[in-house]
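This briefing concerns the packing of helices in one protein model. Please keep the sequence and the structure in view while reading.

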Amino acid sequence: APPPRRSTAALREFIGPLVSAGFVSRTTCRTQGAHQRAYEAYSLTASGQAALARGDALRMVLPVPAAVRMLEEQAAAKVEEHKAALARHGMLDKVPASELCAGSDASEPPGPVLRAMLNWVRTLDQYRKGGPAGEARAARLEALYQELQAWRLEQAKLLRLSPESLVPEHLLRTIAYVQPVSSSALIEAGVRVPQKAAEQLAATIAAWKAAGGTAVGG
């Protein structure tokens with residue numbers, strides 16, 4: 001299995017132990033000019049270069065800084081929070097494990113699938129906190145998504161493609177959330193279908209709005 005990914009903030013915490021072990025040197029430098037500022041520069045020592053050349057760096061054992069432990073605990077808690085939110089809606093299996101874990105790192109934006117799925121479930125959860133009116137709003141949004149699913153299935157049959165390859169699940173959820181009503185806006189959002197199919201999709205969304213569908217955020 002690949003080693004666990006660590007955030008940039010976590011990796012910075014290992015600089016101190018590497019300096020203490022003699023593999024990295026730290027030098028305080030100053031910028032030029034009237035307003036000088038101090039900054040630290042790092043470089044591999046002869047020992048660090050030798051360890052890297054031998055491959056020892058791949059097996060190096062360093063004490064784990066307390067700050068790294070705290071960051072990893074926070075990341076693990078964030079993953080569990082994401083899992084719980086997705087599982088409540090039966091969508092946990094829709095997100096690749098690689099994105100689910102990477103999404104815990106606050107220094108990096110979540111992947112497109114995780115971002116779309118979390119946006120969807122959080123929107124529905126927020127609506128449902130609004131009592132009967134909010135429940136109705138969530139139901140209308142889910143009804144739109146079901147209409148989009150029906151459109152995708154029909155188009156996939158016509159084009160002899162799998163529904164997921166025609167429009168990925170996370171993109172379909174994004175379309176239901178954003179609700180573009182023109183073929184050009186759909187194409188801009190990432191939908192790659194024939195012009196006629198895009199126009200039909202835009203018409204479906206427009207009809208849903210005309211029938212009383214409420215725009216997200218409206």
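Is the crossing of H6 and H9 left-handed or right-handed? The crossing of H6 and H9 is left-handed; a crossing counts as left-handed if the near helix is turned anticlockwise from the far one by less than a right angle, and as right-handed if clockwise. The model is predicted: local features need pLDDT of at least 70 and side-chain atom pairs count only at pLDDT 80 or more, whereas totals for chains, interfaces and linings use all residues. Residues are numbered from 1 along each chain as its sequence is written, and side-chain values use heavy atoms, with hydrogens and water left out. Helices (H or I, at least four residues) and strands (E, at least two) are DSSP runs, numbered from the N terminus.

**Helices H6 and H9**

- H6 and H9 pack at an angle of about 45°, and their axes are 9 Å apart; axes are lines fitted to C-alpha atoms, for helices over the stretch in contact, and angles run from 0 to 180 degrees between N-to-C directions.
- H6 and H9 are therefore oblique to each other (under 35 degrees is roughly parallel, over 145 roughly antiparallel, 65 to 115 roughly perpendicular and the rest oblique).
- On the H6 side, the contact (heavy atoms within 4.5 Å) is made by Pro 112, Val 113, Ala 116, Met 117, Asn 119, Trp 120 and Thr 123; H9 contributes Glu 169, His 170, Arg 173, Thr 174, Ala 176 and Tyr 177.
- The contact of H6 with H9 has 7 nonpolar, 4 polar and 2 charged residues (Ala, Val, Leu, Ile, Met, Phe, Trp, Tyr, Cys and Pro count as nonpolar, Asp, Glu, Lys and Arg as charged, and the others, Gly among them, as polar).

**Helices H7 and H9**

- The axes of H7 (residues 131-159) and H9 (residues 169-178) come within 9 Å and cross at roughly 130°.
- H7 and H9 are therefore oblique to each other, and their crossing is right-handed.
- Leu 141, Leu 144, Tyr 145, Leu 148, Gln 149 and Arg 152 of H7 meet Glu 169, Leu 172, Arg 173, Ile 175 and Ala 176 of H9 in this contact.
- The residues of the contact of H7 with H9 comprise 7 nonpolar, 1 polar and 3 charged.

- H7 has 29 residues and reaches 42 Å from its first C-alpha to its last, close to the 42 Å expected at 1.5 Å a residue (the expected span is 1.5 Å times one less than the number of residues).
- Buried residues of H7 include Gly 134, Leu 141, Leu 148 and Trp 151 (buried means under 20% relative accessible area, exposed over 50%, partly exposed in between, with a 1.4 Å probe and protein chains only).
- The buried residues of H7 pack against H6 (112-128), H8 (163-166), H9 and H11 (195-210).
- Glu 142 lies in H7 and is partly exposed, with a relative accessible area of 27%.
- Leaving aside neighbours within four places in sequence, Glu 142 is in contact with Leu 124 and Arg 128.
- Arg 160, which follows H7, has a positive phi near 55°.

- In H4, Val 68, Val 79, His 82, Ala 85 and Leu 86 are buried.
- Gly 90, which follows H4, has a positive phi near 65°.
- Thr 45 is in the loop between strand E2 (38-44) and helix H3 (46-54), and at 18% relative accessibility Thr 45 counts as buried.
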